[in-house]
Every structure is written in structure tokens, then in C-alpha cells.
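Colleague: I am new to reading protein models. Could we go through one together, a question at a time?

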Amino acid sequence: MTASVETHTSHGGTDSDARPVFVTEPRLLGLPASAWPRILAPIAIGVFSLALWEFAVRWNGIPAYILPGPLLIGQTLVSDWATLSGSLWITLKITFMALAAAVIVGVTLAVLFTQSKWLEMSLLPYAVILQVTPIVAIAPLIIIWAGDINLALLICAWIVAFFPILSNTILGLNSADHNLVNLFQLYGASRWQTMRYLKLPAALPYFLAGLKISGGLALIGAVVAEFVAGTGGSASGLAYRILEAGYQLKIPRVFAALLMISLSGIAIFLCTSWISHMLLRRWHESALKREN
Amino acid sequence: MDTASLSTPHAVRPEGRKPLVCVRHVSKQFGNGTLAVRDVNLSLGEGEFVSLLGPSGCGKSTLLRMIAGLGAPSSGTIEWPTTVHDASGEPQRDLGFVFQDPTLMPWATALANVMMPLTLKGVRTSEARERAAAMLALVGLSGFEKSYPRELSGGMKMRVSIARGLVLRPKILLMDEPFAALDEITRHRLNDDLLELWWKEKFTAVFVTHSVFESVYLSKRIVVMAARPGRVMADLDVDAPYPRDDLFRTSPEYAHLCRVVSGKLKEAIGS
């Protein structure tokens with residue numbers, strides 16, 4: 001009598017019926033049908049609130065230098081576009097350069113820290129000090145020391161942005177499955193191989209979570225630092241435009257600049273979320289939807 | 001007496017050639033003072049199917065990990081008499097390891113997971129892909145090369161794990177309660193397929209389990225262990241012939257063997 005081999009030649013071999021079932025959805029205009037409420041509901045709320053705001057401003061006759069209505073803000077955005085867009089570009093440039101520096105320094109330090117406990121023990125406290133010191137408090141010093149105002153703003157935004165990436169990536173690198181680490185050891189993997197094939201991929205979801213936080217923080221850092229630099233600086237980012245417009249009581253312009261900062265923040269968040277989704281969608285729990 | 005019998009204790013070991021692994025007077029004490037394993041002696045012959053059977057806490061997993069080279073014994077030695085040793089005197093253990101969990105890399109496809117040991121050994125990607133695909137087919141998973149672990153069922157993930165353990169064609173495959181988390185039906189099927197793989201590929205199998213039925217069904221030899229401290233209580237031969245299948249699983253001799261081994265296990269627990 002021979003042992004049966006049928007299961008091997010046939011497809012699937014074992015309990016392939018017990019595989020998890022993932023949600024497959026009908027698509028509407030290129031997006032999954034369930035995505036539409038998530039887009040439409042906030043838009044509806046937004047439109048309703050803006051209408052209420054416009055109505056309240058007109059009904060009560062509130063002057064524009066106290067609270068402009070959304071329509072006036074929109075008009076200002078269009079009429080002042082030339083000035084404001086230049087400032088937006090400067091602010092975004094600082095934001096993205098700071099974010100890039102935060103990614104490079106954060107990931108590099110995290111990798112070094114996991115290679116050497118001594119390095120981590122000696123340097124991590126200083127990273128924490130950098131993180132917990134309010135940026136507003138040290139920004140004046142940085143501006144004096146850096147000399148160049150753009151460099152100073154970059155440093156400030158970087159300080160605010162880099163810690164979430166550092167701490168998340170450290171957590172990720174250390175949370176590789178312990179048995180997999182053993183298995184790599186068993187196959188005589190080098191440090192580099194373990195890093196490349198095991199620890200870095202395992203850290204990816206953590207790093208991306210850090211990136212999402214840092215994207216917003218880099219923008220905040222860039223704006224806050226410019227506020228501190230104030231009119232003394234020669235930079236003309238959005239924060240400077242807000243200060244300037246405030247002094248001149250051009251309140252609609254203040255709102256227009258604020259709107260641009262908010263929209264930039266939202267765009268950065270959507271961007272990092274999209275990157276995260278694309279990188280994790282095939283394998284990570286957070287990106288999968290199961291059908292029960 | 002019928003064809004199947006249990007000879008105990010071991011009178012005759014297959015000592016014709018050198019054993020693959022010799023465990024001599026091995027004890028393991030953990031940092032917190034727990035004596036996990038005390039004075040274990042064991043030799044594993046080539047081509048054997050050995051089960052380490054015992055209650056939880058009897059040090060069977062610890063012993064298996066020490067054989068794999070994960071954690072050194074506190075005293076005693078584990079020798080690989082027939083294996084090449086490197087310059088520092090470390091044996092170049094030629095083994096595969098299967099954990100209780102499938103322990104797959106979630107970011108990699110089934111194929112990439114099986115390719116991993118080959119990649120680490122520096123095998124060219126094209127060749128590694130070929131060999132991994134062949135191994136996946138051997139465990140009954142052809143067509144699932146591009147599936148991610150999340151898309152597979154528990155039994156299929158375990159098959160990928162076994163394929164990864166065997167892809168380097170090791171002399172010995174160490175398995176640490178690999179099917180404990182699976183349902184009965186899947187476990188039976190995997191037991192059958194594992195036996196068949198062992199029969200075809202002729203590796204030495206060391207199988208840790210706490211199931212009497214599983215150990216009797218699979219093994220040529222059962223090492224019964226007791227807990228606190230972990231030690232070997234009995235070393236039994238299962239003389240039933242291979243191949244074994246459902247007929248064996250329902251036979252009176254299987255029931256008889258299970259009863260005997262159960263008795264030995266009870267003795268071990270009671271001691």
C-alpha cells in the first residue's frame with residue numbers, strides 16, 4: 001500500500017478553502033463604492049458651515065477687518081495670488097527639505113542605534129531633549145547662530161519633524177518577529193542581510209506612521225519658526241505674510257494665507273497616507289479589509 | 001504479538017554508522033534559575049523520525065533549539081560527528097527549522113519566503129526562484145507562489161514554512177509543535193503529507209509534540225520527557241511499518257501503541 005499523493009498533484013494541497021476572504025467592491029467613477037461617503041460627507045459639512053459663516057457675517061454686518069466672509073477670503077486669494085503663491089512656495093520648500101532631512105537623519109540614526117546599544121544609550125537622551133524643548137524657545141538662538149534665515153527655518157522645522165521618524169523607526173527595527181531573527185541567525189545571515197531582508201521591511205509600517213506625523217510637524221515647524229523670525233527676517237514665507245497682513249489690518253489676506261497653510265497640511269497628509277497605502281496594501285493588517 | 005511493538009528501553013540503536021547528532025549530558029539553566037533540561041543523552045541517527053513527547057515545560061522545545069544552535073547548553077555537549085566544522089570549531093549544521101507559528105515574512109510572497117534561505121546562502125536569484133518554486137510544488141502549493149501570507153489559510157502557511165525549512169535540502173528538519181495550532185482535519189492531512197515528504201526526501205525528522213496520537217502516527221522512535229526539570233524518561237521504538245495512512249490510524253495496533261505511550265507519558269508526568 002502506498003501513501004496517497006493525490007493531494008499533491010491536485011491544486012492547493014490543503015485547506016485552501018479556509019483562506020481568508022477579502023472585500024471586493026464595485027467601483028464608482030474609479031473609486032470603491034464605500035469610499036464615496038467618506039469623501040462626500042465632510043464636503044457636505046464644509047459647504048454647510050461656509051454657507052452659515054457667510055450668512056452670519058452678512059446678517060450681522062460684521063466688518064471685514066474683524067471677520068471676513070468666505071467669499072471675500074476666496075476673492076482675496078485670487079487677487080493676492082501672485083504674492084501669496086510665492087510665499088507658499090517658500091514655506092513648502094522649507095517644509096519638504098526639512099522632512100527629507102528628518103527622514104535621512106531619523107532612519108540613519110535609528111539603524112545606527114539598533115546596531116549599537118552604546119550609541120543609543122549615549123545619544124537618544126539628547127534626541128529627546130531636542131524634542132521636548134519648545135521650538136519657539138530655541139528658534140531665536142538658532143536664527144542668531146545660523147546666520148542665514150532660510151537655514152535657520154530649515155533647522156527649526158527639522159528639529160520638530162525628525163523625532164517621530166526616529167522613535168518610530170527604532171520601534172519598528174526592534175519589533176521584527178523574534179523567531180524570524182532566530183531563523184536568520186540559524187542560516188548564518190550577516191548583520192547587513194538581517195537589516196536588509198528582515199529589519200528594514202519589518203520597520204516599514206512604523207516608519208510610515210512616523211512619516212505621516214512628521215509631514216504635518218515639518219509644516220508647523222516651518223511656519224512657527226518664521227513667526228519667531230518675524231519681520232526682522234528677510235524671508236517671505238506664509239507666516240511672514242500673515243504677520244505683515246495682520247499689522248496692516250488686511251484680515252481677509254490673513255485668512256487666505258491661513259487657508260493655504262491648512263490646505264498644504266491636508267495635501268501633505270494625503271500624500272503620505274497614499275504612499276503608506278501603496279507600500280503596505282498587499283501585506284499589512286492596517287491596509288486590508290476582511291469580509292466576515 | 002502483532003507487527004507493531006514497542007521495545008523499551010533501547011537495547012539496540014542503529015549504531016552501524018555514526019549518528020547525525022549526539023546530545024551528551026546536556027543541561028540548560030536559564031538566567032532566572034529555572035532548570036529547563038537536566039542531563040539529557042540522545043543520539044539521532046540518519047533518516048530517523050524522532051518525536052520528543054512531553055507535557056509543557058519539559059524542555060523539549062529548549063532541547064530542540066539547542067540542537068539547532070539557538071542557545072548553548074549550560075553543561076554537556078551537542079556533537080555533530082559527521083558534519084564539517086568551521087575554523088572556530090562550530091559545526092556547519094545542515095538543518096531546517098519549523099516553528100510553532102509559520103513565522104513567515106508578511107511583506108514577502110510565499111515564493112519569496114521560501115527563497116529566503118537560498119538568498120542568505122548567496123544562491124543566484126534565478127536559481128533560487130526555481131528551487132523555491134519546486135519546493136512549494138512539493139508541499140502542494142503550486143499556484144500560490146505570488147500569494148502573501150495573509151492570503152493563505154493556517155495550514156497553507158505551515159506548508160510554506162515547511163517548504164522553507166526543506167529548501168536547502170538539509171540533512172535534518174527540526175519541528176517545534178508545528179501543527180499544534182491547526183484544526184484536526186488540517187493536522188491529519190499535514191501529518192500524512194509530512195510523512196510522505198520524509199519518505200521521499202529521506203531527511204532526519206525531529207518532531208516536538210505534546211500529542212500522543214500524533215507522535216505514534218508519525219514516529220519511528222518516541223522520546224518521552226518529564227517536566228521540572230526537563231529530562232528523558234523513556235526512549236521507545238515504534239515498530240509499525242511505513243508508509244502509514246488512515247488504515248494505520250484506525251487500526252487496533254495504533255490504538256494499542258497509543259495506549260502504551262500514554263501510559264509512559266502518565267508515568268513521566270506522575271514522576
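What follows is a conversation about a predicted model, taking its chains one by one and then together.

Colleague: Happy to start simple! How many helices and strands are there in chain A?

Modeller: Good place to begin. From the N terminus on, the elements of chain A run α-β-β-α-α-α-α-α-α-α-α-α-α. The count for chain A is eleven helices and two strands.

Colleague: Is chain A spread out or compact, judged by its radius of gyration?

Modeller: Let us look at its extent before we judge. The C-alpha trace of chain A spans about 95 × 55 × 25 Å along its principal axes. For 292 residues the globule rule gives 19 Å, and the radius of gyration of chain A is 26 Å, well over that, so chain A is more spread out than a compact globule. The word you want is therefore spread out.

Colleague: What radius of gyration does chain B have?

Modeller: Chain B comes to eight helices and ten strands, and its C-alpha trace spans about 50 × 50 × 40 Å along the principal axes. A compact globule of 271 residues would have a radius of gyration near 18 Å, and chain B agrees with that, because its value is 19 Å.

Colleague: In chain A, what share of the contacts with a separation of 6 or more comes from residues 24 or more positions apart?

Modeller: This asks how far along the chain the contacting partners sit. For chain B, residues 24 or more positions apart account for 73% of the contacts with a separation of 6 or more. For chain A, the corresponding share is 75%.

Colleague: Now a pair of helices. Are helix 9 and helix 11 of chain A roughly parallel or antiparallel to each other?

Modeller: Helix 9 and helix 11 of chain A have axes 10 Å apart and pack at an angle of about 165°. Their crossing is right-handed. Angles over 145 degrees count as roughly antiparallel, and therefore helix 9 and helix 11 of chain A are roughly antiparallel.

Colleague: How many nonpolar residues are there in the contact of helix 9 with helix 11 of chain A?

Modeller: Residues on the helix 9 side include L204(A), L208(A) and L211(A), while those on the helix 11 side include I261(A), I268(A) and F269(A). By class, the contact has seven polar residues and one charged, and its nonpolar residues number eleven.

Colleague: Which residues in helix 11 of chain A does helix 3 of chain A meet?

Modeller: The axes of helix 3 (residues 70-79) and helix 11 of chain A come within 8 Å and cross at roughly 80°. That makes helix 3 of chain A roughly perpendicular to helix 11 of chain A. From helix 3 the residues are L72(A), I73(A), T76(A) and L77(A), and those they meet in helix 11 are P252(A), R253(A), F255(A), A256(A) and L259(A).

Colleague: What covers the buried residues of helix 10 of chain A?

Modeller: First, the residues themselves: the buried ones in helix 10 (residues 238-247) of chain A are L238(A), A239(A), Y240(A), R241(A), I242(A) and A245(A). After helix 10 of chain A comes L249(A), with a positive phi near 55°. The cover over those buried residues includes helix 4 (81-115), helix 9 and helix 11 of chain A.

Colleague: Does G140(B) count as buried or exposed?

Modeller: G140(B) has its place in the loop between helix 3 (125-138) and helix 4 (154-166) of chain B. A residue with 20 or more C-beta neighbours within 10 Å is buried. Since G140(B) has 27 C-beta neighbours inside 10 Å, it counts as buried.

Colleague: And how does A137(B) count?

Modeller: A137(B) lies in helix 3 of chain B. Because A137(B) has 17 C-beta neighbours inside 10 Å, it counts as partly exposed.

Colleague: Last one! Which helix of chain A gives the most to the side that touches chain B?

Modeller: In all, 32 residues of chain A are in contact with 37 residues of chain B. The elements giving two or more residues to this side of chain A are helix 1 (6-9), helix 8 (178-186) and helix 9 (191-229). The side divides into 15 nonpolar, 13 polar and four charged residues. With seven residues, the one that gives the most is helix 8 of chain A.

Methods:
Residues numbered from 1 in each chain as written. Chains lettered and ligands numbered in written order. Predicted model: local features only at pLDDT ≥ 70, side-chain atom pairs only at ≥ 80, totals over all residues. Contact = placed C-beta atoms within 7 Å. Helix = DSSP H or I, 4+ residues; strand = E, 2+ residues; numbered from the N terminus. Nonpolar A, V, L, I, M, F, W, Y, C, P; charged D, E, K, R; others polar. Axes fitted to C-alpha atoms, helices over the stretch in contact; angles between N-to-C directions. Parallel < 35°, antiparallel > 145°, perpendicular 65-115°, else oblique. Left-handed = near helix turned anticlockwise from the far one by under 90°. Rg over C-alpha atoms; globule rule 2.2 N^0.38 Å. Buried ≥ 20, exposed ≤ 12 C-beta atoms within 10 Å, placed from the backbone.
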